[in-house]
Structure formats: structure tokens, C-alpha cells
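Thanks for coming. I have one structure to go through today, and I will take it piece by piece.

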Amino acid sequence: MAKAAGRTSNKRGRKTAKADKRKPFRPIRLVLFLLLRSATVLVVLTLALVLLFAAINPPITHTIWAEQRRLGAVERDWVAIEQIAPVMARSVVAAEDANFCLHWGFDIEAIRAALEAGGQRGGSTISQQVVKNVFLWQGRSWIRKALEAAITPAVEAVWSKRRIVEVYLNVAEMGEGVFGVGAAAQEYFGVTPDKLSPQQAARIAAVLPAPRSRSAANPSAGVRRRAASIADGAATIRADGRAACFED
């Protein structure tokens, strides 16, 4: 009986020793592991979407979804870039990012000018705006800007410049509840986007900074002046070759 009791005691001792060797619960380490795992999944998912949307049109964006909820419905009609008047593409580039063909996603001079102006003017390129519209959300938070800065080089590396302009022309808000040049051309001028005149294209581009308070169909004096400047800019970038990267 004494030997049996001794064996039982030894077993209990070994179990206690094994229990003592177990690693203590460390909640901080667990949280860090979960954060790292989540970040890895987010990066992989984002890269997969970048690759996917290089060939497949984004079905919806956060801004379009939010406006659908707010307004009940939005106007949107995806149009291939081949079915859009070339002057429309030149107009939005002239209006938003004249050096689009010369940079890799970030216009350093424009960013510097925006900083010197104290944030009163935008410094985002068309590539950055596409990333914001397709993959992120509207707003000025540092988190969104950091994500935008991280995703933009990937889009520039995978997508062609022509594809970036095509997506921009189809997801940009061009009026309250009006998304993309297909819907804007019909809403404001009653034409298909391939029939847009230089003046009409310039007016649509002129409303881009504030699409909910400006009108291409009934432009204010300020919008008319901006449209005239954009029309001149569109002609200039065509003449000096700064439209070559997104035109046939």
C-alpha cells in the first residue's frame, strides 16, 4: 500500500511540475498577435482588390453606398474609356492633376504648395483620389491619409495610367447623387459621354472640387471662369504631351 501511495504522489508531483511549466497568460502579447494577424489579412485583401480592379470594374464605393442610403438612390452608369470623349479625360486631368503623366502617384510640388497654403488647397493626385474613392472613405483623418499613401504606389504599379483615369471618370462624384461621367453627361447635357463638347467637359470638370454645391448645367460665374481655364489647360496638356500616358 505504501508503494502505491508513493507512485500516486509521484504522479501528482509530475502533473504539478508540468502545470508550473505552462506559459503564463499574457493579454498584451495576445492583442499584438491579433493586431498583426488582422493587419496581414487587410494587406493581402487590399492587394487582391488592387489586382482584381485592374481588370474588373469596382461594383460600388463607400461614397456611392453612403449616398444611396442618404438619398435613396443615385445616378451611375459605368462607361468604358473608349466610349468617353477624349477631351473629357483631358479636362479632368487639367483640372485635378495636370502632371498626372509625370509622377508615380504623388505630385511633390503640389503637396508642397498645399502645405504652404496651410491646407487651403488640395494636393492630392488623381491616383490618390481613385484610391480614396475605391478603397477607402471620405474625410481628412490621418488614418485614411496613411492608408491612401500606402495603397497609391500599389495602384500605380499594377494599373495603367489609362485605367486610373477610366476608374476616376466612373467613380468621381459629379453632382449630388451623380457619379461618373456617364450619368453626368446625361443629367446635365442630355448626351452620351462620347458626344461631350470641350465646353461641356470643362464644365463637368469644374464642379469636381464641390459637386454638391456647383452645377455644370447652370454654372455660376465662378464655375464659368474655372471651366474656361480648364478648357485652356486641356488643350495645353494635349499639345505638350502631358496627356500621352492615358490616350491612344
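Before the first piece, a definition: contact here means heavy atoms within 4.5 Å. Keep in mind also that this is a predicted model.

I start with helix α3, residues 62-71. Which residues of helix α3 are buried? They are Thr63, Ile64 and Glu67. Looking down the axis of α3, these buried residues fall within an arc of 95 degrees, so they line one face of the helix. After α3 comes Gly72, with a positive phi near 95 degrees.

Next, helix α4, which covers residues 86-96. I picked two positions in it. One is Ser91, which sits in α4. Is Ser91 buried or exposed? Ser91 has a relative accessible area of 0%, and the cut-off for buried is under 20%, so Ser91 is buried. If we set aside residues up to four places away in sequence, Ser91 touches Ala201, Ala202, Ala205, Ile230 and Ala234.

The other position is Val93, also placed in helix α4. Val93 is buried, again with a relative accessible area of 0%. With the sequence neighbours up to four places away left out, Val93 touches Ala98, Phe100, Ile126, Val165, Ile237 and Phe246. As for Ala205, 112 residues separate it from Val93 along the chain, while the C-alpha atoms of the two are 8.7 Å apart.

Asn99 is partly exposed, at a relative accessible area of 28%. What does Asn99 contact, leaving aside neighbours within four places in sequence? The contacts are with Asp107 and Arg242. Asn99 and Thr125 are 26 residues apart in sequence, and their C-alpha atoms are 8.6 Å apart in space.

How many disulfides does the structure hold? There is 1. The disulfide joins Cys101 to Cys245, with an S to S distance of 1.9 Å. This pair links distant parts of the chain: Cys101 is in the loop between α4 and α5, and Cys245 is in the segment after α11 (221-239), 144 residues apart. The link between Cys101 and Cys245 is left-handed, with -80 degrees about the S-S bond. The two ends fall in separate accessibility classes: Cys101 counts as buried at 19% relative accessibility, and Cys245 counts as partly exposed at 28%.

Last item, the second largest pocket. Its space comes to about 350 Å³. The lining of this pocket has 16 residues, and the closest to its centre are Leu42, Val43, Thr46, Leu147 and Ile151. Which helices each supply at least two residues of the lining? They are α2 (27-53), α6 (126-135) and α7 (142-158). Of the contributors, α2 gives the most, with 8 residues. By class, the pocket lining has 15 nonpolar residues, 1 polar and no charged ones.

That is the end of my list.

Key
Residues are numbered from 1 along each chain as its sequence is written. This is a predicted model: local features need pLDDT of at least 70, side-chain atom pairs count only at pLDDT 80 or more; totals for chains, interfaces and linings use all residues. Side-chain values use heavy atoms; hydrogens and water are left out. Helices (H or I, at least four residues) and strands (E, at least two) are DSSP runs, numbered from the N terminus. Buried means under 20% relative accessible area, exposed over 50%, partly exposed in between (1.4 Å probe, protein chains only). The arc is that of the directions from the helix axis to the C-beta atoms. On a 1 Å grid over the protein atoms alone, a cavity is a set of points where a 1.4 Å probe fits but cannot get out, and a pocket is an open set with protein on both sides within 12 Å along at least five of seven lines; lining residues have an atom within 4 Å of a point. Grid points are joined across faces, edges and corners, and a volume is the space filled by probe spheres set on the points. Ala, Val, Leu, Ile, Met, Phe, Trp, Tyr, Cys and Pro count as nonpolar, Asp, Glu, Lys and Arg as charged, and the others, Gly among them, as polar. A disulfide is a pair of cysteine sulfur atoms within 2.5 Å.
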